Amino acid sequence: MFDKWVAWSEPSGDLRGAGVEVLEGDVENGFRGTGRMDKIEKLLSPLAKVPLLRVPPYPVVFTKPADALAGPFDDVSIHPDAQNMLDYEGEMTVVIGRDAKNVTEADALSYVLGYTVGNDVSARNFQLPDTSGGQFCYAKSFDGFAPIGPCIVPPSLVPDPQELRLETRVNGAVRQRTGTDDMIFSVAKIIAHLSRGTTLRKGTIIQTGTPSGVGLFMEPKGFLQNGDVVEVSIEGIGKIRNKMVFE
């Protein structure tokens with residue numbers, strides 16, 4: 001941070017000794033000029049702190065029923081009660097290849113049949129605590145709310161699932177773009193956690209979480225509308241493309 005809050009135009013190089021106007025205020029409340037001038041003694045980080053995301057000890061877990069599955073290019077029919085806060089979540093999706101229970105993190109990837117692309121479609125009005133009591137499972141379990149595909153790529157072609165690029169577009173505009181190395185919990189950690197005392201049957205799919213860029217946290221909100229087309233792609237796996245069709 002600065003020894004003093006200062007303002008200047010097009011800063012570059014060593015600014016020690018430069019004359020500047022001193023500002024007062026902070027990031028939360030904004031800055032105001034004081035009319036006082038001073039000289040820069042030393043440049044520190046421009047921010048004294050940043051908000052920190054508290055990482056939970058375990059991943060948040062919810063389930064989707066089998067009827068939530070949809071094909072990679074299917075239209076997704078949206079019930080009227082799920083339309084007003086409809087959202088997308090582009091996610092790398094893991095397919096379990098053999099029954100797994102009490103799997104160690106070291107062995108977890110050996111239980112993977114392959115990887116595919118998924119969209120965790122979500123009716124936020126049923127998910128948010130202040131509108132419906134935080135019903136994650138219900139909000140994400142409508143028929144067709146789990147389109148996946150277009151194929152299952154074997155682990156031999158994905159040597160490291162934490163080194164892939166994911167992108168989500170809505171009507172052609174990029175909403176999410178990141179690497180799977182940014183996941184809070186790795187694929188191996190997720191499998192180890194889910195198999196703790198619980199059998200993951202072969203054929204189970206695991207959607208591994210979504211990056212920033214969902215409609216809920218955009219300003220203005222970026223919720224999906226009737227006819228919107230959501231595309232999720234992952235390098236080396238492929239792309240799914242689904243149109244939202246309001247009933």
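Let's start with a sheet: five strands, open, in the order β4-β10-β8-β7-β13, with mixed pairing. Before going on, note that this is a predicted model, where local features need pLDDT of at least 70, side-chain atom pairs count only at pLDDT 80 or more, and totals for chains, interfaces and linings use all residues. Residues are numbered from 1 along each chain as its sequence is written, and side-chain values use heavy atoms, with hydrogens and water left out.

Some terms. Strands (E, at least two residues) and helices (H or I, at least four) are DSSP runs, numbered from the N terminus. Two strands pair if DSSP finds at least two bridges between them.

Val-94 has Ile-206 in β13 as its bridge partner.

α4 lies across β7, β8 and β13. It runs at about 55° to β7. Axes here are lines fitted to C-alpha atoms, for helices over the stretch in contact, with angles from 0 to 180 degrees between N-to-C directions. Contact means heavy atoms within 4.5 Å.

There is another open sheet of 5 strands, also mixed, ordered β5-β15-β14-β11-β12. β5 and β12 (173-179) stand at its edges, each with a single partner strand, so one side of each has no neighbour in the sheet. On average, neighbouring strands are turned by 20° against each other, direction ignored. Inside this sheet, β14 and β15 pair in the antiparallel sense over 6 bridges. Glu-231 stands opposite Arg-241 in β15.

On to the core. A nonpolar core is a set of buried Ala, Val, Leu, Ile, Met, Phe, Trp, Tyr and Cys residues joined through side-chain atoms within 4.5 Å. Buried means under 20% relative accessible area, exposed over 50%, partly exposed in between (1.4 Å probe, protein chains only). The largest such core has 42 residues. Ile-78, Leu-86, Tyr-115, Phe-145 and Ile-191 have the most contacts inside it. Elements giving two or more residues to this core include β5 (76-78), β8 (112-119) and α4 (187-194). Which element gives the largest share? That is α4, with 4 residues. Take Leu-86: leaving out residues up to four places away in sequence, its contacts include Ile-78, Phe-145 and Met-244.

Next, the largest pocket. Its volume is about 1600 Å³. A pocket is an open set of points on a 1 Å grid over the protein atoms alone, where a 1.4 Å probe fits, with protein on both sides within 12 Å along at least five of seven lines; lining residues have an atom within 4 Å of a point. Points are joined across faces, edges and corners, and the volume is the space filled by probe spheres set on them. Of 50 lining residues, the closest to the centre are Val-60, Phe-62, Thr-208, Gly-209 and Thr-210. β13 gives the largest share of the lining, 3 residues.

Last, the backbone. Most residues other than glycine have a negative phi, and most peptide bonds are trans. The bond from Gly-149 to Pro-150 is cis, with omega near -5°. Pro-150 sits in strand β10 (residues 146-153). Glu-219 and Pro-220 are also joined by a cis peptide bond, omega about 0°. Pro-220 lies in the loop between β13 and β14. Asn-171, in the loop between β11 and β12, has a positive phi of about 55°. Asn-171 counts as partly exposed, at 48% relative accessibility.
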